[in-house]
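The sequence and the structure come before the details.

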Amino acid sequence: MATPLSDPSQSPLQTVAVVGLGTMGTGIAEVLAKAGRTVIGIDISETQAAKCVAALEASTARGVERGRLTEQERAEILGRVRTSADLRTAADADLVVEVAPESYEVKQQIFRELDAIVRPETILATGTNALSVTRLAAESSRPERVLGLHFFNPAPAMKLVEVVSSVLTAPAAVTAVTDLALDLGKEPVAVGDRPGFVADGLLFGYLNQAAAMYEAKYASREDIDAAMRLGCGLPMGPLALLDLIGVDTARTVLEAMYAASRDRLHAPAPILKQLSEAGLTGRKAGRGFYTYEAPGSPAVVRDTLTPPEGGDLARGREIRSVGVAGSGTMASGIAEVFAKAGYEVVLAARSAEKAQTAKARIGKSLARSVDKGRMTAESAAETLDRITATGTYDDFAGVDLAVEAVAEDLEVKRQLFAALDKVCKPGAILATTTSSLPVVACARATSRPQDVIGMHFFNPAPAMKLVEVVRTVLTADDVHATVREVCGRIRKHPVDCGDRAGFIVNALLFPYLNNAIKMVQEHYATLDDIDAAMKLGGGYPMGPFELLDVVGLDVSLAIEKVLHREFRDPGLAPAPLLEHLVAAGCLGRKTGRGFREYAKR
């Protein structure tokens, strides 16, 4: 039902003018009308105003079809909205929300005209996500009544609203707009005035790095997007998201962010300028990073960059048995994955006792699958029988593929690879699951570097679909082909990447996490507001601080240091707050305290 969440008659903001009736303006108008507000939609284009009305009619009709609205409620909502091409119709508005194009000139002209039209007590809000609210307010004769009100697209569905104060904004105006956002069923987050605010401030840096990664031909667009969807649980990959947002819009936001921060991570990747100036601005143009069926269509079609179906890989080697080295959660998870797929598995640890403990952990995992109806008791028993637990790597003598999942310590891994080189038969493939160390360093500890490759599984291995397949400059083509083929057999999605720090996922994820820490360190926003912003505004399954505490602050710091050391970018230097917490022993959930405190188990 579309009844307002609270009595709108109790709010001082009864009549709201929305200036700019594009996708965002139309969505905001719908949200306001459904919450009982009188809406004046204003656009210089009568065609655009007509599109807004048509979109509202279509949206409310769908609401009736799905049982969310009655016909009477639909009529009432549509009756609350009127459109105009004349800014003077905003004269009676209690609040004006401007969502015009991201241009200082355009927005400042609107604000100057509104000064002469609206009442002295009217609040003026800009929907910008890139421009300075303070600079816009300074152009107004009532700067204390100007603030930012940043909705997210699509406005009817997205819960987050950033309420942006400048140093000139009156607290009463902030309170009134925050109360309105709550009445609309949104979750308002109070932030200060800096480009990108919280959600876009973190999101666009990540998107920019993904564009630069693609431009450097480090990985394909399909693999970058699949890696972030499957490795981080994101609703969209970064390049597909750039196409949805608009490549030109992203470039504008990043230019504003870079002008304020001078952080190289915010300097727009050259490919964003190239695509923008070529008119390849994403979905709205029918082509951006991907090619679409038609302008505005979400349907991606094949183009010259689409990988050939079935691939063009070399003929692989035959893999019948697999050795997994290690006794931790990752090792047992990987062994379970291979055994479920029908491979004979040798699970080796530093002692027989540790290996048996790891196998017992697999047994418990399989039992949970049986309890949840995901597999039969007979299938679980057969899977467990395929795993041989041993306390010596000598039992890897007959395996076709050896996968190490030991401590993330280069010297430990090099020693293990030297041992595997002596034990494993000629032609066996040796794989490392490292998430941040150089694969080639493991390869050079052997006499067969051409047989060494990275297979970076994600935790928990039985559930996570992604495997980053990491080739070194020495890896043989048939080894790469074999590992990709094996990934298919164990029902994982392989993405190809080169042997550099962070591969795809961590190279994009950890700078984003580091930037979130910097926001807290600079007292720009709270942990809770940042986590809420990224979950509600970005569709992330976890906020950055929730994720940091789960991953472990020590692990996160180690990865940040590796990225900074390899890429030498000052913006990648670990945030001092992260270093201080690790030094204090606050490592996250595993120690009971990280960015937050946790109850002891």
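## Rings, charges and a helix

The charged end of arginine 135 is placed over the ring of tyrosine 104, 3.6 Å from its centre. A charge counts as sitting over a ring if NZ of Lys or CZ of Arg is within 6 Å of the ring centre and within 35 degrees of the ring normal. Arginine 194 lies over the face of tyrosine 524, at 4.2 Å from the ring centre.

The model is predicted, so local features need pLDDT of at least 70 and side-chain atom pairs count only at pLDDT 80 or more, while totals for chains, interfaces and linings use all residues. Residues are numbered from 1 along each chain as its sequence is written, and side-chain values use heavy atoms, with hydrogens and water left out.

Rings of Phe, Tyr and Trp (its six-membered ring) pair if their centres lie within 6.5 Å; planes under 30 degrees apart count as stacked, over 60 as edge-to-face and the rest as tilted. By this rule there are six aromatic pairs, including the two below.

| Pair | Centre distance | Plane angle | Type |
|---|---|---|---|
| Phenylalanine 338 and phenylalanine 457 | 6.3 Å | 65° | edge-to-face |
| Tyrosine 512 and tyrosine 540 | 5.1 Å | 35° | tilted |

Phenylalanine 338 is in helix α12 (residues 329-340) and phenylalanine 457 in strand β16 (residues 452-457), 119 residues apart. Helices (H or I, at least four residues) and strands (E, at least two) are DSSP runs, numbered from the N terminus. Both phenylalanine 338 and phenylalanine 457 are buried, where buried means under 20% relative accessible area, exposed over 50% and partly exposed in between (1.4 Å probe, protein chains only). Phe338, Tyr343 and Phe457 form one aromatic cluster.

Tyrosine 512 belongs to helix α18 (residues 505-521) and tyrosine 540 to the loop between α19 (527-538) and α20 (544-551), so their pair ties together parts 28 residues apart in sequence. The relative accessible area is 4% for tyrosine 512, which is buried, and 9% for tyrosine 540, also buried.

Helix α13 (residues 352-371) has 20 residues and reaches 29 Å from its first C-alpha to its last, close to the expected 28 Å; the expected span is 1.5 Å times one less than the number of residues. Buried residues in α13 include Ala355, Lys359, Ile362 and Leu366. Seen down the axis, the buried residues of α13 fall within an arc of 110°, so they line one face of the helix; the arc is that of the directions from the helix axis to the C-beta atoms. On the other side of α13, Glu353, Lys364 and Asp371 are exposed.
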